[in-house]
Amino acid sequence: MSQHRPAGAPGRAGAVPALPDLPEATVARLPEYLRALHVLAEAGNDTVSSEGLAAAAGVNSAKLRKDLSHLGSYGTRGVGYDVALLIDQIEFVLGLTQRRAVALVGVGNLGHALAGYAGFASRGFRIAALVDADPERVGEEINGLVVRHIDELTRIVAEESIAIGVIATPAGAAQSVADQLVSAGVTSILNFAPCVLSVPEGVDVRKVDLAIELQILSFHEHRKASLTGLPATGGSGLTALPGGLAGPGTQEAVGS
């Protein structure tokens, strides 16, 4: 559970005094460190070594130490990192000192699932509004919230002080929804629709495409299969690929 403090002020002595300018790769890893730290805290751990935290977060310890040094946190030799202090520091940097309101647009199958996901609340967010353009969806109650029509979006954003929108619509509707979110005052968008959005400067977009992630895993499966299928001896290990490229298993390079 996120610990809430007045915005802009870390809660413990020695915590980050000002928001540091972090590399994007570091920002992307901070939520993983935070997740691992909460698990450690719930298990009763007051301190953790860089190796222990790195293993829990799935990164190497050198990368973790460099990331945390950007926060001004270096741990104590022979002791490690103070778990509670590090939670405070990371939550402050990530802007989780207040629970952020989110508008979810699109309450089809994926939207239903997202609306009922308990993990948002435990990570510092609350779904403040469910929105859809389908008259048959409007008025439906999901997880205690009544679905409202997208024509009300500007009023909803103002009423709930929403800065983050989640798009869970079909791809064909996503750009229009993004335009409406931006027009209503939303400045950050999480896009689950399989398309690229065009937004003005100053609006941040994060894209989650499950099909792309599966395709990447498919590549790794294909690669593992090709490696295990190599002949035991002889040959260059290349095979012809579509388009005249070369891949594992051929006896001669293309064009030779």
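Trainee: Which residue in β4 is the bridge partner of Arg-100?

Mentor: The bridge partner of Arg-100 in β4 is Phe-125, and please keep in mind as we go on that this is a predicted model.

Trainee: OK, and in what sense do β3 and β4 pair, and over how many bridges?

Mentor: The two strands, β3 and β4, pair in the parallel sense, and 6 bridges hold that pairing in the assignment.

Trainee: What about β3 and β8, how many bridges join them?

Mentor: There are 4 bridges between β3 and β8, and these strands also run parallel; within this pairing, Val-102 stands opposite Ile-164 of β8.

Trainee: So is β3 mostly covered or mostly open?

Mentor: Mostly covered, since 5 of the 6 residues in β3 are buried, while across the 256 residues of the protein 34% count as buried.

Trainee: Switching to pockets, how much space lies in the largest one?

Mentor: The largest pocket holds about 1900 Å³ of space.

Trainee: How do the lining residues divide by type?

Mentor: The lining of the largest pocket divides into 27 nonpolar, 10 charged and 7 polar residues.

Trainee: New topic: how many aromatic pairs does the count come to?

Mentor: The count comes to 1 aromatic pair. It is formed by Tyr-117 and Phe-120, whose ring centres are 5.0 Å apart.

Trainee: Why is that pair edge-to-face?

Mentor: Because the ring planes of Tyr-117 and Phe-120 stand at 85°, and an angle over 60 degrees counts as edge-to-face.

Trainee: How does Tyr-117 count in terms of accessibility?

Mentor: Tyr-117 counts as partly exposed, because its relative accessibility is 45%.

Trainee: Last one, how many helices and strands does the protein have?

Mentor: The protein has 9 helices and 12 strands. As for its contacts, among those with a separation of 6 or more, 54% are between residues 24 or more positions apart.

Methods. Residues numbered from 1 in each chain as written. Predicted model: local features only at pLDDT ≥ 70, side-chain atom pairs only at ≥ 80, totals over all residues. Heavy atoms only, no water. Phe/Tyr/Trp six-rings, centres within 6.5 Å; stacked < 30°, edge-to-face > 60°. Buried < 20%, exposed > 50% of the residue type's maximum accessible area, 1.4 Å probe, protein only. 1 Å grid on protein atoms, 1.4 Å probe; cavity = no way out; pocket = protein on both sides within 12 Å on 5 of 7 lines; lining within 4 Å. Points joined across faces, edges and corners; volume = space filled by probe spheres on them. Nonpolar A, V, L, I, M, F, W, Y, C, P; charged D, E, K, R; others polar. Pairing = 2+ DSSP bridges. Contact = heavy atoms within 4.5 Å.
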